[in-house]
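Please have the viewer open as you read.

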Amino acid sequence: MEILRQLGHLFLDAIPTVVVVFLFYLFLRWAFFQPIEKAMSERHARIEGARAEAIAAEQAARKESDTYNEALKKARAEIYAEHEAERQTVLDERARLLKAMRSRAVEDVTAAKKEIAAAVAAARAQLERQTAELAGEMVRKILENREPLRGGPGR
């Protein structure tokens, strides 16, 4: 029984310490833990908000990038089509000019052939007219050169 009494006396002596510790706990909870918990929950909310904003910004940037890439692809296709049309126009014009130049060259060659044929015909006609004259002149020259030889050595 003595032990029970000593334990009772010990509990009675410990009550003020327990009350002081309990009051200290309540004070720390009110003055320290609640503001820290409040700050940590605000921090957590801000982090989650920033994370959500970052995800939204990333999705918006990805969407904008896709839109930009599509517009770029369309612009490239349009530019390619324009270049191809211009190239085809230039090739057509070049082909037209080459065809015109070829036909002109053929006409020039045909005209030149006609001129040459006419010149050849004129030259032939002139040669045929002059052949008799030239033959007669050649015979006369030959005969003139031979007459002194016929006169003999005694001259």
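**From one arginine to the whole chain**

R62 has a relative accessible area of 46%, which makes this residue partly exposed. Keep in mind that the model is a predicted one. The partner to look for is E58: the two side chains form a salt bridge, with 2.9 Å from N to O. E58 is partly exposed as well, with a relative accessible area of 46%. Both residues sit in helix α1, and because they are four residues apart, about one helical turn separates them.

That bridge belongs to a set of six salt bridges in the structure. Side chains of opposite charge can pair when their charged atoms come close. Another member of the set joins R5 and E2, at 2.4 Å from N to O. These two lie three residues apart in helix α1, about one turn of the helix. R5 is exposed, at 55% relative accessible area, while E2 is partly exposed, at 39%. Move along to E144 and R140 and you will find a salt bridge of 3.7 Å, N to O. E144 and R140 are four residues apart in helix α1, again about one turn. E144 is partly exposed at 42% relative accessibility, and R140 is partly exposed at 44%.

Now for the rings. How many aromatic pairs does a search of the whole structure find? There are two. In the pair of F27 and W30, the centres are 6.2 Å apart and the planes make an angle of 45°, a tilted arrangement. F27 and W30 are three residues apart in helix α1, which spans residues 2-150, so about one helical turn lies between them. F27 is partly exposed at 46% relative accessibility, whereas W30 is exposed at 60%. The rings of F32 and F33 have centres 5.3 Å apart and planes at 70°, so this pair is edge-to-face. F32 is partly exposed at 44% relative accessibility, and F33 is partly exposed at 38%.

Finally, step back to the chain. Its secondary structure amounts to one helix and zero strands. The C-alpha trace spans about 200 × 40 × 25 Å along its principal axes. Of the 155 residues, 0% count as buried.

How values were computed
Residues numbered from 1 in each chain as written. Predicted model: local features only at pLDDT ≥ 70, side-chain atom pairs only at ≥ 80, totals over all residues. Heavy atoms only, no water. Phe/Tyr/Trp six-rings, centres within 6.5 Å; stacked < 30°, edge-to-face > 60°. Buried < 20%, exposed > 50% of the residue type's maximum accessible area, 1.4 Å probe, protein only. Salt bridge = Lys/Arg side-chain N within 4 Å of Asp/Glu carboxyl O.
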